[in-house]
Amino acid sequence: MSRPDLSDLDAFVAVARARSFRGAAGLRGVSASSLSDALRRLEARLGVRLLNRTTRSVTPTGAGERLLERLGPALGEIAGALDAVTSVRDSPAGTLRLNVPSIVARHILPPIACRFLATHPGIRLEVVGDDSFVDVLAEGFDAGIRYEERIERDMIAVPVGPRTQRFVIAAAPAYLAARGRPRHPNDLLDHACIRHRFPSGRVAPWEFERDGRVIRISPEGPLIATSIEMELAAATAGLGLISMFEEALRPDLDSGALVPVMEEWWQPFSGPFLYYPSRTHMPAPLRAFVDFIQADRG
């Protein structure tokens, strides 16, 4: 007996799942008669009836049920293998939607995204800066970028950007001239500090760690804001000390508008990760982005 054509096996699975030649034809974009011809060829080659057909219904026979149970996963694996080959052959195209923290959107993602888009001109990137933690799939995103402690355990996480970052503390020269320079976290209780409020409403304490000892301080000050730009403006105007991602403060530190303080207490932490659900068939733009950032890291 000659082996059945793969296309005939695929036609059988489509009709058996849809329980209708017309319904399967509509889903596949082919004619019902072509599916009927494929089923006749397949049954003739196997020498067994696979589908019971009436004017009202199409149902698998016992032999058809057994074949369907084995064929479904096998055809899925074949489709996945063909998709993988196609993605290598063709330049991926489509839209990639990412949900990322605002600090990543401002200071980490732009150079990576620009190199990626130059490499893959067929892909359109949509980036939403969001400091709250959202269900990326429920919100219609392909993937998210977050820091390690905010990533669910059932997600795949891939490093993106710097592997170590720091929170730094700084103040304007005029502020330090008037109020003095803090040396220890407890000194901050006697200083004006500019605080950040997260979308959840939480104002996080300033946390320090040295020689295994953790100190958390909730200092007072003239400003609590949700805007990094507002906080930077207040700090450079000499209104108080600021604690923030080093990347956000770097331009003002380099220009001298802000002066670093308490460097020995600056706290390093792990850099961000791209995360996405484990699934057999990743969208081509996401697959391309994952491959790109892994290759980009060398």
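**Exercise 1. How many salt bridges does the rule find across the interface of domain 2 and domain 3?**

Before we start: this is a predicted model, so local features need pLDDT of at least 70, side-chain atom pairs count only at pLDDT 80 or more, and totals for chains, interfaces and linings use all residues. Residues are numbered from 1 along each chain as its sequence is written, and side-chain values use heavy atoms, with hydrogens and water left out.

*Solution.* 
- Step 1: locate the parts. Domain 2 covers 89–163 + 271–296 and domain 3 covers 164–268; such bounds come from an automatic or database domain assignment.
- Step 2: apply the rule, a side-chain nitrogen of Lys or Arg within 4 Å of a carboxyl oxygen of Asp or Glu. One salt bridge turns up across this interface.
- Step 3: look at R106, which forms a salt bridge with E229, with 3.1 Å between the closest N and O atoms.

**Exercise 2. Describe the area buried between domain 2 and domain 3.**

*Solution.* 
- Step 1: take buried area as the accessible area (1.4 Å probe) that two parts lose on being put together, summed over both. The two domains bury about 850 Å² between them, with 61% of it on carbon and sulfur atoms.
- Step 2: ask who contributes. I103, R106 and H107 supply 48% of the area that domain 2 buries against domain 3, more than any other three residues.

**Exercise 3. Which parts does the salt bridge of E246 and R166 tie together?**

*Solution.* 
- Step 1: check the distance. The closest N and O atoms of E246 and R166 are 2.9 Å apart.
- Step 2: E246 lies in helix α9 (residues 246–255) and R166 in strand β7 (residues 164–171), so the pair ties together parts that are 80 residues apart in sequence.
- Step 3: The whole structure holds 13 salt bridges.

How values were computed: Helix = DSSP H or I, 4+ residues; strand = E, 2+ residues; numbered from the N terminus.
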